[in-house]
Amino acid sequence: MQKLLLLLGWLLFFAAPAAVYGQGKGRLRAVIVFGDSIVDAGNNNHLNTIIKCDFPPYGREFNDKMPTGRFSNGMIINDILASVAGITDSIMAYLDPNLEDRDLLNGVTFASGGAGLDDLTSNFAKVVSLPGQVELFKEYKARLRRVAGERKANDIITNAQYLLVMGSNDIWSSYFALGFRRKEYDIDSYTTFLVDKAGEFAKKIYDLGARRIGFSGLPAIGCVPFVRSIAGGITRECSGPHNEASEMFNTKLQKKVESLSNSLDGAFVMYLDVYNSLMDMIHNKEKYGFEEATLGCCGSGNVEVLFLCNNLSPLTCPDSKKYVFWDSFHPTEKAYRILLNQTIGAFLPVLQ
């Protein structure tokens, strides 16, 4: 019954109008995010890494139409979550020097583009690893206590939504593209290794006060434009091995989430199925108002990402709403909105 009530709270959070939020004990207070480039709002701008996007045309549809370090054309998952909840229009990067004390009350993202569940992935990219992000969370908690006071800070930490979006870089880069891990793991044992890391993370942030923890499954990695271009043959088909790895990871992650939900007293741990939602957008693009699902909007759409996606790209599309992907890896704001709506909506049958 306790798990059912927690789930009901989640569903009410996403279904109710924004005006509902702001009153009442136990409401969603903040959005706190860990992960990779999907949820990095600009942390990498302040790191010595090439994995960054603090230049046009990134961010061309975001607020003041300026690049912020978000790996998309506009809002990303963090921002949309917080906006739907009526908390704020955007969740800031924790390493952003413009982060003000009042911004801490809404939550932050510690995510770092290029990071992985496997520390080797993060270290190679010279970005903030998952353990490093947890350390930043500890720092954030101390700073929040100074700003808000002990009681309010504890309320925010307990009633925040936590989200982990990570694992894609491990699969496509460390395992397939660069092959670092193929010498010691097959894909079955590597995905087990990664999911175990996700479980360890959940227990750490639970011990630090987290109670609402969402895990994003992996997308269909084999169908993103970049992977199609390098592994999909002359016709740029989806790469079967990459997608099979994603599905294997997701199956194990779902079991891990069920286990964590049963073992972490008072916590609600949620699995978000982005794989099937993204695949439906790709295969049935017209249903969602898209015209292109195999190429990114930026440049030719085949391989442009990071510094290859820039203002010198002459072929960048004028209307990103017609595209599932912004660059050759990351979805558009429109696609993110659909993904978020469908992943939360998938839990409705549980209550029926």
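Asparagine 78 touches Val31, Val33, Val39, Ile91 and Thr109, leaving out residues up to four places away in sequence. The model is predicted. In it, asparagine 78 sits in helix H2, which covers residues 77–84. Its relative accessible area is 0%, so asparagine 78 is buried. Valine 108 is 30 residues away from asparagine 78 along the chain, yet their C-alpha atoms are separated by 8.7 Å.

The rest of H2 is mostly covered as well. Six of its eight residues are buried. They are Ile77, Asn78, Asp79, Ile80, Leu81 and Ala82. After H2 comes glycine 86, with a positive phi near 75°.

Beyond its neighbours within four places in sequence, isoleucine 38 is in contact with Ile76, Val165, His330, Pro331 and Tyr336. Alanine 142 is another matter. It is 104 residues from isoleucine 38 in sequence, and the two C-alpha atoms are 26 Å apart in space.

The loop between S1 and H2 also holds proline 57. The peptide bond from proline 56 to proline 57 is cis, and its omega is near 5°. Asparagine 63 belongs to the loop between S1 and H2 too. Its phi is near 30°, a positive value in a residue other than glycine. Asparagine 63 has a relative accessible area of 55%; the cut-off for exposed is over 50%, so asparagine 63 counts as exposed. Lysine 65 is found in the loop between S1 and H2. Lysine 65 is not a glycine, but its phi is positive, about 60°. With a relative accessible area of 56%, lysine 65 is exposed.

Serine 168 lies in helix H7, residues 168–177. Its relative accessibility is 17%. Buried means under 20%, so serine 168 counts as buried. Leaving aside neighbours within four places in sequence, its contacts are Asp36, Ser173, Leu218, Pro219 and Ile221. Serine 216 is found in strand S5, residues 212–216. At 10% relative accessibility, serine 216 is buried. Serine 216 touches Leu164, Val165, Leu253, Leu272 and Val274, not counting residues up to four places away in sequence.

What does phenylalanine 137 touch, not counting residues up to four places away in sequence? The list is Ile32, Phe34, Phe110, Ile157, Tyr162, Ile205 and Leu208.

Helix H8 deserves a look of its own. Its buried residues are Tyr190, Thr191, Phe193, Leu194, Val195, Ala198, Gly199, Phe201, Ala202, Ile205 and Tyr206. Ile205 is also one of the residues that phenylalanine 137 touches. How far apart are the end C-alpha atoms of H8? They are 31 Å apart. The 21 residues of H8, at 1.5 Å a residue, should span 30 Å, so the two values agree. Glycine 209 follows H8, and its phi is positive, near 120°.

Finally, take in the whole chain. It has 13 helices and eight strands. Its C-alpha atoms fill a box of roughly 60 × 45 × 45 Å along the principal axes. A compact globule of 352 residues would have a radius of gyration near 20 Å; this chain has 19 Å, which agrees. Buried residues make up 57% of the 352 residues. Among contacts with a separation of 6 or more, 71% are between residues 24 or more positions apart. The chain exposes about 14,900 Å², and carbon and sulfur atoms supply 53% of that area.

How confident is the prediction? The chain averages a pLDDT of 90, and 90% of the residues score at least 70. Residues 1–25 are another story. There pLDDT stays under 50, and the model has 45 contacts beyond four places in sequence for this stretch. Over residues 346–352 pLDDT also stays under 50, with 10 contacts beyond four places in sequence.

How values were computed:
Residues are numbered from 1 along each chain as its sequence is written. This is a predicted model: local features need pLDDT of at least 70, side-chain atom pairs count only at pLDDT 80 or more; totals for chains, interfaces and linings use all residues. Side-chain values use heavy atoms; hydrogens and water are left out. Contact means heavy atoms within 4.5 Å. Helices (H or I, at least four residues) and strands (E, at least two) are DSSP runs, numbered from the N terminus. The expected span of a helix is 1.5 Å times one less than its number of residues. Buried means under 20% relative accessible area, exposed over 50%, partly exposed in between (1.4 Å probe, protein chains only). The radius of gyration is taken over C-alpha atoms; the globule rule is 2.2 Å times the number of residues to the power 0.38. Accessible areas come from the Shrake-Rupley method with a 1.4 Å probe; for residues, only the protein chains shown count as cover. pLDDT is the predictor's confidence in each residue, from 0 to 100.
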